[in-house]
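Let's take a look at the aromatic side chains in this one. Have the structure open while you read.

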Amino acid sequence: MFRRLPKLSLPKSIFSILALTMGSIYLQFSHYQQLKYGVGSVEETVQWDERSAAQSLLILKLLPKFGYQNLFADWTFLNFLQYFGNSELRKTKGYGLSRNYFENVVDNDPYFISSYIFLVNSISIYAGQPEQTIELLEKGLVTMGPNKPNRSYFLWRHKGTDELLFIGNNKAAAESYRTAATWAEQSSDQDSHIVARLSRQTVDFLSTDPNSKAAQISAWSEVLLRATDDVIRQKATINIEALGGTILRAKNGQVTVRYNPNES
């Protein structure tokens, strides 16, 4: 998931790492002070944890990067995984800071392709803010090209999926899938021709029938395949089956979605 960091050079690398470390120490000291003097209630503890996360994001945003932005992107993403993984706290406080985490990631390293899967899931599905997902995807995509970085065409598919399913902007979705197909056709990735074909099919579905069940099933299949946990998988499965799709799971774990319009 993480990339090899660039070869560190003195003195910039020392100051970059020192800045990152000092920010971490500050947060740990704040936590120590909170424990030392006690907290009045569980709710106050929860509130402090959220403020601590927000302060951490602000510090990471303001710290000087000295040319090692990808180091800060990786660090921010690790912090996000801790934030997202605290399921009990998220039930209470929600996922409102997801956008802040990924804004830091995209600003510092827009080529961090693998992080975008968590971006689209956490912001669109959990935080319920697909508009923010699309905005961050656009911010990252403006720096990219068909092979810059590899498999960047998937981000256009993610954008099209959100536009189709959560925004209801089928025209924008068709354009995103069309761009995904074009980028995939220009890509050197060995599986890109499959993505290009599927993307063209979705564009055709939307062109002939803007409310196409086939297009919606294709989009929910994208959500199912990129799902990071069972909550998203269940939501995608329910929507696929409600639209008339059938989910087939092979013994090797491979998932296939089929749809026969004549049976719906």
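Start with Trp-75, which is found in helix α3 (residues 69-85); helices here are DSSP runs of H or I with at least four residues, numbered from the N terminus. Trp-75 is partly exposed, with a relative accessible area of 33%. On that scale, buried means under 20%, exposed means over 50%, and partly exposed is in between (1.4 Å probe, protein chains only).

A quick word on the source: this is a predicted model, where local features need pLDDT of at least 70, side-chain atom pairs count only at pLDDT 80 or more, and totals for chains, interfaces and linings use all residues. Residues are numbered from 1 along each chain as its sequence is written, and side-chain values use heavy atoms, with hydrogens and water left out.

Now for the rings. The structure holds 15 aromatic pairs. Rings of Phe, Tyr and Trp (its six-membered ring) pair if their centres lie within 6.5 Å; planes under 30 degrees apart are stacked, over 60 edge-to-face, and the rest tilted. Here are two of the pairs:

| Pair | Centre to centre | Angle between planes | Type |
|---|---|---|---|
| Tyr-153 and Phe-154 | 4.9 Å | 40° | tilted |
| Trp-156 and Trp-183 | 5.7 Å | 80° | edge-to-face |

Trp-156 lies in helix α8 (residues 153-167) and Trp-183 in helix α9 (residues 170-186), so their pair ties together parts that are 27 residues apart in sequence. Both Trp-156 and Trp-183 are buried. Tyr-153 also counts as buried, at 0% relative accessibility, while Phe-154 is partly exposed at 22%.

How values were computed
Helices (H or I, at least four residues) and strands (E, at least two) are DSSP runs, numbered from the N terminus.
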